[in-house]
Amino acid sequence: MSEFEKQMNKTAKQLIKKANNRQQRGTIKIDYNVAILSIYGWQIAIPVLLFLLLGRFLDKVYPQEMISWTLNLIIVGFIFGFINATVWLKKSYQVKKRSKNGKL
């Protein structure tokens, strides 16, 4: 596991721990939900922007009439971003499930 993945798991665990504490106190605030949505959004937006830049570069270097590199790579970026975000959500759900069982 890379250092980045370790840091993401640590951050997810901290967010889940805070959410569980707030839930036990009965005060779930909107900032937690906004944090989760922003993480999810960035995990989709960053690959889309990177593939957009790659597509623009390829359109300039290898111009073709039949293929728009930019459009095709934006679609690939969305697919990659959604897969990435889904994997992250599954991991965070597993961490939350373990923390509820007391195995964190």
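Start with the contacts (heavy atoms within 4.5 Å): of those in the protein between residues at least 6 apart in sequence, 59% join residues at least 24 apart. This is a predicted model, where local features need pLDDT of at least 70, side-chain atom pairs count only at pLDDT 80 or more, and totals for chains, interfaces and linings use all residues. Residues are numbered from 1 along each chain as its sequence is written, and side-chain values use heavy atoms, with hydrogens and water left out.

Now switch to cartoon view. You will see three helices and zero strands, with helices being DSSP runs of H or I of at least four residues, strands runs of E of at least two, numbered from the N terminus.

Next, select Q43, in helix 2 (residues 30-61). Its relative accessibility is 11%, so Q43 counts as buried (under 20% relative accessible area, with exposed over 50% and partly exposed in between; 1.4 Å probe, protein chains only). Leaving aside residues up to four places away in sequence, show what Q43 touches: M8, G81, N84, A85 and W88.

Then move to V87 in helix 3 (residues 69-100). V87 is partly exposed, at 43% relative accessible area.

Finally, select F4, E5, M8, N9, I39, W42, Q43, N84, V87, W88 and K91, which line the largest pocket. A pocket here is an open set of points on a 1 Å grid over the protein atoms alone, where a 1.4 Å probe fits, with protein on both sides within 12 Å along at least five of seven lines; lining residues have an atom within 4 Å of a point. Colour by helix: helix 1 (3-25), helix 2 and helix 3 each supply at least two lining residues.
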